[in-house]
Amino acid sequence: RDHQLPYAAYVSLTMVNAVVNVGVCALVSLSGLAFAPNLMVASPYLVWVLAGLLLAAVLSLYVPALLAPRRNDWLSRQIRALAQGVAMLRGNGTAVLIMAAIALTKVGILSLRFAICFKMLAMPMSALGNLFVAVTQNLLAIVNVTPGNLGLREIVLSMVAGELGTSRTVG
């Protein structure tokens, strides 16, 4: 298909979408923790990590292209690509809101999917537990550390399930 969008622009917009996904997941998780004070007390470091992710995501959407590093190493190129994607969307708050709405819908549908799966496996979890597992799953889908994230996703989800008070086999 010809969308008249150069590949570099597509990559830049994909990076912006990933940043919006991280921000939405952090915001949803912080909102969920507000309804689960026992989790917040048990793991206060999680609140700080999520707040840091949310702050980083919001601030990165305001990275002007002029402040992006000019070196030619990998990290500098990624920051420049993100700044280019943000510049394409600058002034178009509707596009960012649509990306955020899509990310929020994806988390909601994942949460519902996990609720159905856990119920079918006779391991029902709370709505909040399903939400946290869905957020974790969504965040792990952004970056593949191993090919296809094989094994890594299961390990992290089992750790999250253990933190939520269920057995690690649920994860």
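These questions and answers go through a predicted model of one protein chain.

User: What percentage of the residues of the protein chain count as buried?
Analyst: A residue counts as buried when its relative accessible area is under 20%. The protein chain has 171 residues. The share of them that count as buried is 33%.

User: How much of the accessible surface of the protein chain belongs to carbon and sulfur atoms?
Analyst: The accessible surface comes to about 10600 Å². The part of this surface that belongs to carbon and sulfur atoms is 71%.

User: Among contacts between residues at least 6 apart in sequence, what percentage join residues at least 24 apart?
Analyst: A contact here means heavy atoms within 4.5 Å. Counting contacts in the protein chain between residues at least 6 apart, those that join residues at least 24 apart make up 60%.

User: Are helices α1 and α4 roughly parallel or roughly perpendicular to each other?
Analyst: Helix α1 covers residues 7–34 and helix α4 covers residues 74–89. Their axes come within 8 Å and cross at roughly 90°. Angles of 65 to 115 degrees count as roughly perpendicular. The relation of α1 to α4 is therefore roughly perpendicular.

User: How many residues of the contact of α1 with α4 are nonpolar, polar and charged?
Analyst: On the α1 side, the contact is made by A8, A9, S12, L13, M15, V16 and V19. On the α4 side, it is made by Q78, A81, L82, Q84, G85, V86, M88 and L89. These residues divide into 11 nonpolar, four polar and no charged.

User: How far apart are the end C-alpha atoms of helix α5?
Analyst: Helix α5 runs over residues 93–120, which is 28 residues. At 1.5 Å a residue, α5 should span 40 Å. The distance between its end C-alpha atoms agrees with this, because it is 41 Å.

User: Which helices are included in what covers the buried residues of α5?
Analyst: The buried residues of α5 are A95, M99, A103, V107, L110, S111, F114 and F118. What covers these residues includes α1, α4 and α6.

User: Which residue with a positive phi follows α5?
Analyst: The phi of this residue is near 60°. The residue that follows α5 with this positive phi is A122.

User: Is S29 buried or exposed?
Analyst: S29 lies in helix α1. Leaving aside neighbours within four places in sequence, S29 is in contact with L50, F132 and V135. The relative accessible area of S29 is 3%, and the cut-off for buried is under 20%. S29 is therefore buried.

User: What separates the C-alpha atoms of S60 and A83?
Analyst: S60 is in helix α3 and is buried, with a relative accessible area of 13%. Not counting residues up to four places away in sequence, S60 touches V19, L82 and V86. S60 and A83 are 23 residues apart along the chain, and their C-alpha atoms are separated by 8.1 Å.

User: Does V156 count as buried or partly exposed?
Analyst: V156 has its place in helix α7. Leaving aside neighbours within four places in sequence, V156 is in contact with T136 and L140. Buried means under 20% relative accessible area. At 22% relative accessibility, V156 therefore counts as partly exposed.

Definitions and conventions: Residues numbered from 1 in each chain as written. Predicted model: local features only at pLDDT ≥ 70, side-chain atom pairs only at ≥ 80, totals over all residues. Heavy atoms only, no water. Axes fitted to C-alpha atoms, helices over the stretch in contact; angles between N-to-C directions. Helix = DSSP H or I, 4+ residues; strand = E, 2+ residues; numbered from the N terminus. Parallel < 35°, antiparallel > 145°, perpendicular 65-115°, else oblique. Nonpolar A, V, L, I, M, F, W, Y, C, P; charged D, E, K, R; others polar. Expected span 1.5 Å × (residues − 1). Buried < 20%, exposed > 50% of the residue type's maximum accessible area, 1.4 Å probe, protein only. Areas by Shrake-Rupley, 256 points an atom, 1.4 Å probe, with all protein chains shown as cover.
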